[in-house]
Amino acid sequence: MNNKVTIIVAAYNVDKYIEECILSILNQTYQNIEIIVVDDCSTDSTSFICDSFCLKDSRVRIIHNKVNFGVSKTRNIALNLASGKYVVFVDGDDSLCPDYVDYMLNLMKITQGEMCLSINCYHDKRENQTEIDTVEKLTSERATALLLSQDVDVGCWNKIYNREFLISHNIRFAEDLFYGEGLQFITSVSMYAKAIGVGKRKVYFYRRTNTESATIKFNIDKYKNGWESLLRIKSKIEIDDDELKSRLFEHMNLFAINSMLGIIQNRGKRLYAEEYKFWKKYIHANVRSFLSNNYINVKQKIKMVLMIISPDLFAYYSLEKKKRILKGKRKEKTNSREARENV
């Protein structure tokens, strides 16, 4: 396969990471690529760093938004300019393994899917590679259920898309959504697709340590936006499939739980009393169905029970657990650096 692949990077105030991101794309083992970076009116040095790459490699194109449009419109701008047969999305604070494009194209070749993805990615560069890689070809029903499950990261990244398929079905990012927009996009693809290819190899590095990321910072509008995305997905699902419906049901209840946890952990129960009450009422109304659903595993059911019994206590436990994990990662990173310095 020697088809051109368009790699789209949405960048906003990621000057700490954008150089690593673009270099990881330029250093792909598959070279027939175009890179479209859209700087969404950054206020740091992201714009300057991006411009410097245009002078180094003709495959790089930089678009500068004059105002901050948000991630959805920013990706759509690049998507409208793409010329590759296939399209890949990369967040500006993430990076690719050298064989990312090669691996994704191989999934396309094997499965002839309209979209292909890996269910695994690196969250820490010290993680081990997946030992056994298997490739599956999923139907629209099974793929949509997988994307709504807890087994796959919900973003549009770590995937590859047939651009003509996106055009023919007019699939774009909802520009009024800035959270949950990725899940709506990928489920729109899977609901139209005849086949989706799924592999297991880790070829994408998703950064969880960017404290400025929209996925980390608390923002009540983020949760409301994400809920709106789920409601739109629910309204568009026309497939009558028990597992698919169960995965959406699970996803919505877990989102409600996490929204409540976010409010509690950021001391917003009074300020966001209306939103908190709404999600609390939602999970209480669904608890029996949630616990009796055979598609939902025991871990998620325990989370539901703890949230029903004592939201405040569960929120405290969850926050302390996150702190311990973060502290452990920092300690491992320090030990690793000291070990290298002592060699």
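What follows is a working chat about the fold and helix packing of a predicted model.

Student: To get oriented, how many helices and strands does the chain have?

Tutor: In this predicted model, the secondary structure of the chain comes to twelve helices and ten strands.

Student: And what radius of gyration does the chain have against a compact globule?

Tutor: The chain has a radius of gyration of 21 Å, which agrees with the value near 20 Å that a compact globule of 343 residues would have. The C-alpha trace spans about 60 × 55 × 45 Å along its principal axes, and 51% of the 343 residues count as buried.

Student: What share of the contacts comes from residues 24 or more positions apart?

Tutor: Taking the contacts in the chain with a separation of 6 or more, residues 24 or more positions apart account for 81% of them.

Student: Switching to α1, which of its residues are buried?

Tutor: In helix α1, which runs over residues 18–26, the buried residues are Ile18, Cys21, Ile22, Ser24, Ile25 and Leu26. What covers them includes the strands β1 (5–11), β2 (33–39), β3 (60–64), β4 (86–91) and β5 (95–96), together with helix α2 (46–54).

Student: How do the axes of α1 and α2 cross?

Tutor: Their axes come within 10 Å and cross at roughly 25°, which makes α1 roughly parallel to α2, as the angle is under 35 degrees. The crossing is right-handed.

Student: Which residues meet there?

Tutor: From α1 there are Ile18, Glu19, Ile22, Leu23 and Leu26, and these meet Ile49, Cys50 and Phe53 in α2. By class, that contact divides into seven nonpolar residues, no polar ones and one charged.

Student: OK, and are α10 and α11 roughly parallel or antiparallel?

Tutor: Helix α10 (residues 273–292) and helix α11 (residues 298–309) have axes that come within 10 Å and cross at roughly 150°, and with an angle over 145 degrees the two are therefore roughly antiparallel to each other. The crossing of α10 and α11 is left-handed. On the α10 side the contact is made by Ile283, His284, Val287, Phe290, Leu291 and Ser292, and on the α11 side by Gln300, Lys301, Met304, Val305, Met307 and Ile308. That contact has eight nonpolar, three polar and one charged residues.

Student: Last one: is Ser318 buried or exposed?

Tutor: Ser318, which has its place in helix α12 (residues 311–342), is buried, because its relative accessible area of 13% is under the 20% cut-off. Leaving aside neighbours within four places in sequence, Ser318 is in contact with Leu261 and Gln265.

Key. Residues numbered from 1 in each chain as written. Predicted model: local features only at pLDDT ≥ 70, side-chain atom pairs only at ≥ 80, totals over all residues. Heavy atoms only, no water. Axes fitted to C-alpha atoms, helices over the stretch in contact; angles between N-to-C directions. Helix = DSSP H or I, 4+ residues; strand = E, 2+ residues; numbered from the N terminus. Parallel < 35°, antiparallel > 145°, perpendicular 65-115°, else oblique. Left-handed = near helix turned anticlockwise from the far one by under 90°. Contact = heavy atoms within 4.5 Å. Nonpolar A, V, L, I, M, F, W, Y, C, P; charged D, E, K, R; others polar. Rg over C-alpha atoms; globule rule 2.2 N^0.38 Å. Buried < 20%, exposed > 50% of the residue type's maximum accessible area, 1.4 Å probe, protein only.
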